[in-house]
Amino acid sequence: VPTEWNRQVFIDNGYQQPIHTIPLGIYDKFKQRYKREFTDEFRILHYNAGEPRKGWIPFVHAFFAEFKDQPSVQLVLKNSGIHQCNVNKLRSNLPPHLFERVEIHKSQMSIQELIDLARTCHLFVFPSLGEGYGLPPREMLATGLPTIITDGNSFSELPNCYHKIPTYKAKGCFSFYSRWAPISERLFLG
């Protein structure tokens, strides 16, 4: 299994065979750190397969609740397009002038295209409701993109690169210092 958290889930549910923890890897291309340019626009990225479990639907609503009067803050969503019905439902529930601030990428991207998309963003948010490993935050941390994720699950095992956010609004979240992103060969094998 990829994390100690996964191993403990199996043990807690009665699995009695030997279980070994071997972290998953990310492609070396993600380990190219880069400095982001700040312009008049601030872009927040979220990507996953488009599953509701990844927390992206409530995140979009939270984004507009927080930034509805700040048109310079943009939301970039990348998903596989498999869950397009959720995007359509979300679009129908939001005023059109707000949804114009959402940039949606639903086609398949190469790793380099994903990295290039990340380079246009200033923050990555991954509000998943549960993760056994959570590859997207690890990939974005490796590029140096500041990252916010939910607390618990396998994310609690990211070594010495996070601090708890003490504010009420962010209760239960981690904020990651990108300079401490876990990109050593020991943790991420290409």
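Reply: On a 1 Å grid over the protein atoms alone, a cavity is a set of points where a 1.4 Å probe fits but cannot get out, and a pocket is an open set with protein on both sides within 12 Å along at least five of seven lines; a lining residue has an atom within 4 Å of a point. Points join across faces, edges and corners, and a volume is the space filled by probe spheres set on them. This model is predicted, with local features needing pLDDT of at least 70 and side-chain atom pairs 80 or more, while totals for chains, interfaces and linings use all residues. Residues are numbered from 1 along each chain as its sequence is written, and side-chain values use heavy atoms, without hydrogens or water.

Let's start inside. A search of the whole structure turns up one cavity of 30 Å³ or more.

K78 sits in strand β2, residues 73–78 (helices, H or I of at least four residues, and strands, E of at least two, are DSSP runs numbered from the N terminus). K78 is buried but has no salt bridge, and its nearest side chain of opposite charge, E113, is 8.4 Å away. Buried is under 20% relative accessible area, exposed over 50% and partly exposed in between (1.4 Å probe, protein chains only); a salt bridge puts a side-chain nitrogen of Lys or Arg within 4 Å of a carboxyl oxygen of Asp or Glu. For charge, Lys and Arg are positive, Asp and Glu negative, and His and the chain ends are left out.

What does K78 touch instead? Leaving aside residues up to four places away in sequence, K78 is in contact with H46, Y47, N48, H105, K106, S107, Q108, M109, L114 and L117 (contact: heavy atoms within 4.5 Å).

Some of these names come back in an open space, the second largest pocket. Y47, N48 and L114, together with P136 and E139, lie nearest the centre of that pocket, out of 23 lining residues. Two helices, α5 (111–119) and α6 (135–143), are the elements that give two or more residues to the lining. The biggest share is from α6, with three residues. The space in this pocket comes to about 390 Å³.

Now for charged side chains that do find a partner. Side chains of opposite charge can pair when their charged atoms come close. The structure has seven salt bridges. In one of them, E131 joins K54, with the closest N and O atoms 2.8 Å apart. E131 is in the loop between β4 (123–126) and α6, and K54 is in the loop between β1 (42–47) and α2 (56–67), so this pair ties together parts 77 residues apart in sequence. Both ends are buried, E131 at 6% relative accessible area and K54 at 10%.

Salt bridges with shared partners also make a network of E41, R43 and E103. E41 is partly exposed at 32%, whereas R43 is buried at 10%.

Another pair is D28 with K31, at 3.2 Å from N to O. Here D28 is partly exposed at 45%, while K31 is buried at 17%.
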